[in-house]
Amino acid sequence: MRNKASFKDRVLVVVSKIPKGKTLTYKQVAAMAGSPNAYRAVGNIMSKNKDPKVPCHRVIKTSGETGGYSGTGGRAGKVKILKKEGAI
DNA sequence: CGTATGACGTGCA
DNA sequence: GTGCACGCCATAC
């Protein structure tokens, strides 16, 4: 189905498909979205992400760091969640 | 349409 | 091991 889903929507879908206890890197998500070099846009979209159904906290940097997070506790809260999920 | 912004990545000193 | 600078793409205004 050729939805008009833009890169933004596509990324949101990919991230929402991440299973619990699993983490993907911005580059991985961008690659799954169709643009392996758009990891920049991925982070940008996440920050603007208005879909609470998208576990953006499961998206981390390629370095293995948590990166950023616009949620409760910021990066600290993100790590806390990942630990709870078992991703760490 | 053009500009500015951003939760990144990589290389080099 | 740390810090700085550049480059990349897409979105929003």
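This is a predicted model: local features need pLDDT of at least 70, side-chain atom pairs count only at pLDDT 80 or more; totals for chains, interfaces and linings use all residues.
**Exercise 1.** Determine which elements give two or more residues to the surface near DNA strand C, and which of them gives the most.

*Solution.* Helix H1 (7–16) and H3 are the elements that give two or more residues to this surface. H3 gives the most, with 5 residues.

**Exercise 2.** List the residues around DNA strand C and sort them by class.

*Solution.* Taking as near any residue with a heavy atom within 4 Å of the strand, the list reads Ser-6, Phe-7, Lys-8, Ser-35, Asn-37, Ala-38, Tyr-39, Arg-40, Ala-41, Asn-44 and Lys-48. Sorting gives 4 nonpolar, 4 polar and 3 charged residues.

**Exercise 3.** State which parts of DNA strand C face the protein, and give backbone contacts to the phosphate and to the sugar or linking oxygens.

*Solution.* Begin with the atoms of DNA strand C within 4 Å of the protein: 52% belong to sugar or phosphate, and the rest to bases. For the phosphate, a polar backbone atom of Phe-7 is 3.5 Å from one of its oxygens. For a sugar or linking oxygen, the partner is a backbone N or O atom of Asn-37, at 3.3 Å.

**Exercise 4.** Describe the largest pocket by volume, lining and class.

*Solution.* The volume is about 240 Å³. Its lining has 14 residues, with Met-46, Ser-47, Gly-68, Tyr-69 and Ser-70 nearest the centre. Helix H3 (residues 39–48) supplies the largest share, 3 residues. By class, the lining holds 6 nonpolar, 7 polar and 1 charged residues.

Key
Residues are numbered from 1 along each chain as its sequence is written. Chains are lettered from A and ligands numbered from 1 in the order in which they are written. Side-chain values use heavy atoms; hydrogens and water are left out. On a 1 Å grid over the protein atoms alone, a cavity is a set of points where a 1.4 Å probe fits but cannot get out, and a pocket is an open set with protein on both sides within 12 Å along at least five of seven lines; lining residues have an atom within 4 Å of a point. Grid points are joined across faces, edges and corners, and a volume is the space filled by probe spheres set on the points. Helices (H or I, at least four residues) and strands (E, at least two) are DSSP runs, numbered from the N terminus. Ala, Val, Leu, Ile, Met, Phe, Trp, Tyr, Cys and Pro count as nonpolar, Asp, Glu, Lys and Arg as charged, and the others, Gly among them, as polar. A polar contact is a pair of N or O atoms within 3.5 Å; within protein, one must be able to donate a hydrogen and the other to accept it, and residues adjacent in sequence count only if both atoms are side-chain atoms.
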